[in-house]
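Open the model in your viewer and keep the sequence panel beside it. The stops below say what to select next and what is there.

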Amino acid sequence: MGFIADYTGGKRSSPILNLSSNCNNVENCEQVAHDIKSCQRKGIKVFLSMGGSAGPYHKQKWDPEVLAWWIWNKFLGGDDRTLKRPFGDVLLDGIDFDPEGTNGEGYDKLVDTLRKLFKTAYPPRNYLITAAPQCPDLDMYSMNAMYPLLHPDPKYNAYPDLVFVQFYNNYCSANTFDTKGPAKFNFDEWENWSLKNTNGRTKIYLGLMGKENHMDTGYVNYEKLTEILDTIEPKETFGGVMMWDARYAFSNPVSYLNGIHYGQAVAEYLQFLSRTDDIWMPLLALDTASIYKDTMMPLMVPISHKIASLHEPLECRGQTFLLLRTVTSRILAESFGLSGGDIDDHLLSLGIEPTAPIVPGSRICLGVGIKADTLAVTYVYNATISSIKSRPPLAF
């Protein structure tokens, strides 16, 4: 939730909450408190973000220890009731930092002080510190307030637990990702930073635009995003995907996935990649992007078609293969001998878009063709599409 953009303007120099139109009385946000509890009952962690692109904090002088004390008591586990708690008895799960275009002095001490207060909680609770840096913020530059959070003074315990890196609106945005050669997309630099400084404890989230718009740059469509996730999901420091914002993601349907929104489509793909069954685990170590960087031919391995982990076991009269990289329906058809306009006509007659992606994890059945001495793709079980109950698997 955002933001605390006024650090000292309240009673006794305390921070003031601003949730825009979601709470008109910032001392008593009953409806928001109800919503927070609803999320937490579902296992969803809720953080309160400090900073943002605008607000009085840019020009305020503040004491890290005093500010930490009031944050602890107004929003977390503190029991000092000198000031009102906007969310009543709700305990948030942590504090997020998004200081932008301002001096970064004091942030590492602020985080360190909060962590000392966390240890006083009874019963113990796992509070988290997160941050939302932009992808160039590992480097020192003027007015980079995030820098001391990413490179804190060694005497402070201030490295974030999670960083929601904004891979948009910058030269290193997600849309610069390229499987065929060097790219400005710098997820690897963030991973190296985490491994070097926290032994990988700090998890890196891929921050994305939830929808293309006229104000921001760097958006990637679902097809390209699956290529990025295929590459970075196996990395030790990968934590997940962050989107700005929910409004964008919910209004961005992925047409060939039966219109489900962008956020849900990405969540389903992440769930698929995180599977730990015996088939998928050995494949996480394969760098398929580098193996096949010069061709779009399908990369597949043979498997048994009688697999207990399949939600809908594939009926294959032949050999079943597991697809390891994304290909389009057209490319798959071409790789097994079809050519020319016949491919598109045939696919369209079956209700299949020729450019529709068939994602890693899909099962492909290779069987006897029309002619007895030929082989052909007889069935494709598209892993992502088939997870949508109202959409049947693809078939050739």
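Which residues touch the most other members of the largest nonpolar core? Select Phe87, Phe97, Trp190, Leu206 and Leu229: of the 76 residues in that core, these touch the most other members. A nonpolar core here is a set of buried Ala, Val, Leu, Ile, Met, Phe, Trp, Tyr and Cys residues joined through side-chain atoms within 4.5 Å. Buried means under 20% relative accessible area, exposed means over 50%, and partly exposed is in between, with a 1.4 Å probe and protein chains only. The largest share of this core, 7 residues, comes from helix α8 (residues 262–273).

Before going on, note that this is a predicted model, in which local features need pLDDT of at least 70 and side-chain atom pairs count only at pLDDT 80 or more, while totals for chains, interfaces and linings use all residues. Residues are numbered from 1 along each chain as its sequence is written, and side-chain values use heavy atoms, with hydrogens and water left out.

Centre on leucine 229. Leaving aside residues up to four places away in sequence, leucine 229 touches Leu206, Pro234, Phe238, Val241, Val266, Tyr269, Leu270 and Leu273. Contact means heavy atoms within 4.5 Å.

Now select α8. Helices (H or I, at least four residues) and strands (E, at least two) are DSSP runs, numbered from the N terminus. The buried residues in α8 are Tyr262, Gly263, Ala265, Val266, Tyr269, Leu270, Phe272 and Leu273. They pack against β7, α6, β8 and α7 (246–250). How far apart are the end C-alpha atoms of α8? They are 17 Å apart, which agrees with the 16 Å that its 12 residues should span at 1.5 Å a residue; the expected span is 1.5 Å times one less than the number of residues.

**The sheet**

Colour the strands in the order β2-β1-β3-β4-β5-β6-β7-β8: they form an open sheet of 8 strands with mixed pairing. Two strands pair if DSSP finds at least two bridges between them. The edge strands are β2 and β8 (238–244), each pairing on one side only.

Select isoleucine 4 next. In β3, its bridge partner is methionine 50, while in β2 it stands opposite leucine 17. β1 (residues 2–6) runs parallel to β3 (residues 47–52), joined by 2 bridges. With β2 (residues 16–17), β1 pairs in the antiparallel sense, also over 2 bridges.

Move to phenylalanine 97, whose bridge partner in β5 is alanine 131. Here β4 (residues 94–99) and β5 run parallel, joined by 4 bridges.

Helix α6 (residues 222–232) lies across β7 and β8 and runs at about 175° to β7. Axes are lines fitted to C-alpha atoms, for helices over the stretch in contact, and angles run from 0 to 180 degrees between N-to-C directions.

**The disulfides**

How many disulfides are there? The count comes to 2, a disulfide being a pair of cysteine sulfur atoms within 2.5 Å.

Select cysteine 23 and cysteine 29, which are joined with an S to S distance of 2.0 Å. The link is left-handed, with -90° about the S-S bond. Cysteine 23 is buried at 8% relative accessibility, and cysteine 29 is buried at 2%.

Then select cysteine 135 and cysteine 172, whose sulfur atoms are 2.1 Å apart. This pair links distant parts of the chain, 37 residues apart: cysteine 135 is in the loop between β5 (128–131) and α4 (147–150), and cysteine 172 is in the loop between β6 (162–166) and α5 (187–198). Their link is right-handed, with 95° about the S-S bond.

**Backbone details**

Select glycine 2 and phenylalanine 3: the peptide bond between them is cis, with omega near 5°. Phenylalanine 3 lies in strand β1. Another cis peptide bond joins tyrosine 122 and proline 123, with omega about 0°. Proline 123 lies in the loop between α3 (107–118) and β5.

Finish at asparagine 199, in the loop between α5 and β7. Is asparagine 199 buried or exposed? Asparagine 199 counts as exposed, at 67% relative accessibility. Its phi is near 55°, a positive value in a residue other than glycine.
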